[in-house]
Amino acid sequence: MTTTDVLDPSTPHLPGEPAAGTRSLRGAIRDFFRNRMGLIGVAAIVFMLLFSFVGPLLYPTDQIHPDLLRITRPPSAQFPLGTDQVGYNVLGRLMVAGQSSLEVGLAAAVIATLVGTIWGAVAGFVGGWVDSVMMRIVDALLAIPALLLVLLLTTILNPNIVMVIFVLGLISWLITARLVRGQVLVLRGLDFVQAARQFGERPWRIVTRHLVRNVIGLVVVQATFEVANAILLFAALSFLGLGPPPPAANWGGMLNDGLNYVFDGYWWLIYPAGICIVITVVAFNLIGDAIRNSFDVRLRTK
Amino acid sequence: MTRYLVRRVSQSVAVLFIVSVIVFAILHFLPGSPARAMLGIRATPGAIAAFNAANGYNRALPVQYLLYIDRLGHGNLGFSYHFDQSVGSLLGLDLPKTAVLVGASYVLALLIAIPMGIVQALRREKVLDHTLTAFSFVGYAMPTFWLGILLVVLFSATLHMFPSEGPQGATVAAAFANPGALVLPVATLTIVTVAQFSRFMRASAVENLLQDYIRTARAKGLSTWQMATRHLLRNSILPIITLVGLSLPAVLSGAIIVEALFNYPGMGWLFWTATGAHDYPVLMGFTIVIAAATVIGNLLADIAYAMADPRVRYQQA
């Protein structure tokens, strides 16, 4: 699925409910490593990282110069996954394409997390009309389909990799902002904060101290989902022909090229890149779910 | 209820206002100008000045914004350079075709996802639940276009059952004239949507299964089937009302890709073509209309929810 938009893929939490309990970080980490699905996710991501970044060192291929004498060759000993329409080695291209896909996903999620956390925290702290205005802006951006925004911005800006990261990061922070704001509001209303206020301590200092601990689980979980979503959006963008132009490679762009050969039976141009995307996205979602379960005491009792 | 209504409506108006400001701002940060786009790169400075004066582009920004809102208010969404038509008439032609695609996918997705989520909750942590969860996980992780390509490979290239291209033709009647061509686009969008909806439905049903009223229903001797249809279904379905509104942007994003992939001449296809042609009035006009549809959709969903479940009103009033 390409967007994300409002659909946090797994929302058993009601708004305003503290999702991540006050669990010790160490306990949460221990629980995470007991979660089989989470470990499978981690293993898959480690594999994809090695495949994309170490793979080209062990299996160097020319992904810059087309070779028109060996186009769309089927898999063979020389080319384990065949060659594409301009003669690139598909296996080697999968590795190089993985680099940009993973880089875009991770970097966009970092930007989104930073912007979202700051936005949500400020809205929650300040409150009043500032909060209202800030959250209405979030609502407004959520009302525009993410893909529409990405397409709009990439037609205006040049589609190089840095710009794509920037654009994806700047449209992916909305859910994080909502979650962090909700958490800040909950903390502000808690008794011990109210009590501290009576004693003359500055409430926002207490909140910051506890906020970091309470919000970190929530934000990390959302960040893993955002990585997955950014990878999907980047693939969709490249599929629609608005990604970085060749010889730059990414999985969505490879599928766009393969689309022309659907009726020729050139399966090696259609399956491998799609499978890489699905594995990576599933893995990040599994990790996100596992982290949430390890932080959330409430869910485990069920 | 009235207080809740007033609050939600005024929030929606505020959101629409901000959307219009965002779109207006993007229009103004565009490289080039409407005059250049309209008159071509060889236009003389005099002609550009005249065009700007005639269209109010030489006024102060706030005035221009008000003029823009005024045009929107009169249903004037702008004029497409690429298609040489008003954006409004393009929309009138293509919106119904997208509505057919999206509407059919929504209905099918709900018909599949609701029973699926309930069954999963009832058979929680059993093989069936794990299988269906795996399905929705993969469905969620699958790029929409890749799913579409796989369906084309299987049903068009291999089995020759359905065409790989959506129904062609200018009017919505063409879509109904050739229902076979609609199968693959609708199937693609439906599968992706089911993957999202079923996870919500399962979570909602699991929450409800833990409630006391379910224990009561069981205690008075209802069978699982009776309990599920009479009590569980009704209560678990409520959050789905909100979800239908909230998911509209996501489903429309999917529709852009599906229309581009299957060459189905709806709104998404037009938007995609307009990005290639840098036809900004079309892009902006559509963005405004889709955002407005989403905001109004969410508003209606919330009102429907509040009418169906009085608890919402009291909590949020």
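**Notebook: chain B and its contact with chain A**

Started with the interface: 48 residues of chain B are in contact with 44 residues of chain A. I note for the record that this is a predicted model.

Next I asked which helices of chain B each supply at least two residues of the side that touches chain A. I got α1 (2-29), α6 (127-141), α7 (144-158), α9 (179-209), α12 (248-262), α13 (267-277) and α14 (280-308). Of these, α12(B) gives the largest share, eight residues.

Then I looked at what that side of chain B is made of, by class. I find 37 nonpolar residues there, with nine polar and two charged ones.

I stepped back to chain B as a whole. I count 15 helices and two strands in it. I ran the C-alpha trace along its principal axes and got a span of about 85 × 60 × 30 Å.

How much of chain B is buried? I get 37% of its 317 residues.

I also checked the contacts in chain B with a separation of 6 or more. Residues 24 or more positions apart make up 71% of those.

Last entry, the nonpolar cores. The largest one has 155 residues. I looked up which residues have the most contacts inside this core, and they are V150(A), L168(A), I231(A), L233(A) and A236(A). The helix that gives the most to this core is α9 of chain A (residues 203-239), and I have 17 residues down for it.

Definitions and conventions
Residues are numbered from 1 along each chain as its sequence is written. Chains are lettered from A and ligands numbered from 1 in the order in which they are written. This is a predicted model: local features need pLDDT of at least 70, side-chain atom pairs count only at pLDDT 80 or more; totals for chains, interfaces and linings use all residues. Helices (H or I, at least four residues) and strands (E, at least two) are DSSP runs, numbered from the N terminus. A residue is buried if 20 or more other C-beta atoms lie within 10 Å of its own, exposed if 12 or fewer, and partly exposed in between; C-beta atoms are placed from the backbone. Two residues are in contact if their C-beta atoms, placed from the backbone, lie within 7 Å. Ala, Val, Leu, Ile, Met, Phe, Trp, Tyr, Cys and Pro count as nonpolar, Asp, Glu, Lys and Arg as charged, and the others, Gly among them, as polar. A nonpolar core is a set of buried Ala, Val, Leu, Ile, Met, Phe, Trp, Tyr and Cys residues joined through C-beta atoms within 7 Å.
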